[in-house]
Amino acid sequence: MTATILVLYYSRHGAVAALADKIAIGVQQAGAEAQVRCIPPLDTQHASRHALVSQAELRQCDGLAFGSPVRFGNMVADAKAFWDNTTSIWLKGELIDKPAGVFTSSGSMHGGNEATLLSMSLPLLHHGMLLTGLPYSEPELHQTKSGGTPYGPTHVSGHQADNKLSVEEQRLAIAFGKRLATLSQQLKQHKE
Ligand SMILES: Cc1cc2nc3c(=O)[nH]c(=O)nc-3n(C[C@H](O)[C@H](O)[C@H](O)COP(=O)(O)O)c2cc1C
């Protein structure tokens with residue numbers, strides 16, 4: 001059966017959403033289904049571009065890509081609050097052995113995107129997920145002058161937050177989606 005990859009993100013100004021779109025393309029290129037969903041915002045005035053995720057969608061996914069903007073070197077509070085509300089899923093071990101990875105966007109080049117990816121990984125590890133990033137066999141990891149890390153896809157949106165995704169950032173986000181989907185498909189087939 002086709003694996004479903006939940007591409008779950010929060011984005012205030014669209015940079016993380018742009019990465020999510022590219023990751024979804026990579027998921028589809030690997031023959032899996034991309035279910036793109038937003039993390040419920042703490043500020044209820046904030047309009048999300050995709051449907052808000054349900055607990056059932058998180059439970060049922062075969063793989064997870066989790067995205068948040070950098071906020072003072074860490075994930076946005078909305079994303080932390082979301083994970084703090086997943087205790088019932090954790091108690092039942094419903095995410096154990098599912099592949100997962102993280103992606104982010106920062107304003108500045110050294111503004112904490114790698115630190116943010118590492119802290120975003122922590123709740124996923126507590127849930128027993130199998131973390132994957134990007135291998136250096138991806139040529140753009142060597143070539144990028146902005147985002148893209150072995151810890152996961154990133155974007156540097158700039159001081160005015162108006163940088164578009166670079167070619168390298170786009171290719172790495174697509175490669176990440178493909179990798180996550182391929183691993184999730186293989187594990188799903190193995191379990192069936
Ligand atoms: C409260 C706040 C804190 C931020 N902290 C950082 C930071 O620590 N480092 C950084 O490079 N950018 C920081 N930024 C900039 C955002 O990470 C950046 O604009 C990001 O691309 C936004 O993603 P979005 O367009 O998906 O909302 C911060 C922005 C806000 C509003």
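**A helix crossing and its surroundings**

Guide: Start with the crossing of H1 and H7, which is right-handed. Keep in mind that this is a predicted model. Helix H1 covers residues 15-29, and helix H7 covers residues 167-191. Their axes lie 7 Å apart. The angle between the two is about 45 degrees. H1 and H7 are therefore oblique to each other.

Now look at the residues that meet. On the H1 side they are Leu-19, Lys-22, Ile-23, Ala-24, Ile-25, Gly-26, Val-27 and Gln-29. On the H7 side they are Gln-170, Ala-173, Ile-174, Ala-175, Phe-176, Gly-177, Lys-178, Leu-180 and Ala-181. By class, this contact has eleven nonpolar residues, four polar and two charged.

Stay on H1 for Asp-21, which lies in this helix. Is Asp-21 buried or exposed? Asp-21 counts as buried, because it has 20 C-beta neighbours inside 10 Å. Compare its place with that of Glu-140. Asp-21 and Glu-140 are 119 residues apart in sequence. In space, their C-alpha atoms are 18 Å apart.

H1 supplies at least two residues of the shell around the ligand, and so do strand S3 (63-71) and strand S5 (99-106). How many residues surround the ligand? There are 20. The closest are His-13, Ala-15, Pro-69, Gly-107 and Gly-111. The shell divides into seven nonpolar, eleven polar and two charged residues.

Follow S3 onward to the loop between S3 and strand S4 (74-75), where Phe-72 sits. Phe-72 is not a glycine, yet its phi is positive, at about 50 degrees. Phe-72 counts as exposed, because it has 8 C-beta neighbours inside 10 Å.

S5 has a loop of interest too. Asp-97 lies in the loop between helix H4 (87-91) and S5. Asp-97 is another residue other than glycine with a positive phi, here near 70 degrees. Asp-97 has 10 C-beta neighbours inside 10 Å, so it counts as exposed.

One more stop: helix H2, residues 55-60. Ala-56 counts as exposed, because it has 8 C-beta neighbours inside 10 Å. Leu-58 has 19 other C-beta atoms within 10 Å, so it is partly exposed.

Leu-58 and Leu-95 are 37 residues apart in sequence, with C-alpha atoms 8.2 Å apart in space. Ala-56 and Thr-87 are 31 residues apart in sequence and 13 Å apart in space, C-alpha to C-alpha.

How values were computed:
Residues are numbered from 1 along each chain as its sequence is written. This is a predicted model: local features need pLDDT of at least 70, side-chain atom pairs count only at pLDDT 80 or more; totals for chains, interfaces and linings use all residues. Axes are lines fitted to C-alpha atoms, for helices over the stretch in contact, and angles run from 0 to 180 degrees between N-to-C directions. Helices (H or I, at least four residues) and strands (E, at least two) are DSSP runs, numbered from the N terminus. Angles under 35 degrees count as roughly parallel, over 145 as roughly antiparallel, 65 to 115 as roughly perpendicular and the rest as oblique. A crossing is left-handed if the near helix is turned anticlockwise from the far one by less than a right angle, and right-handed if clockwise. Two residues are in contact if their C-beta atoms, placed from the backbone, lie within 7 Å. Ala, Val, Leu, Ile, Met, Phe, Trp, Tyr, Cys and Pro count as nonpolar, Asp, Glu, Lys and Arg as charged, and the others, Gly among them, as polar. A residue is near a molecule or strand if its C-beta atom, placed from the backbone, lies within 6 Å of it. A residue is buried if 20 or more other C-beta atoms lie within 10 Å of its own, exposed if 12 or fewer, and partly exposed in between; C-beta atoms are placed from the backbone.
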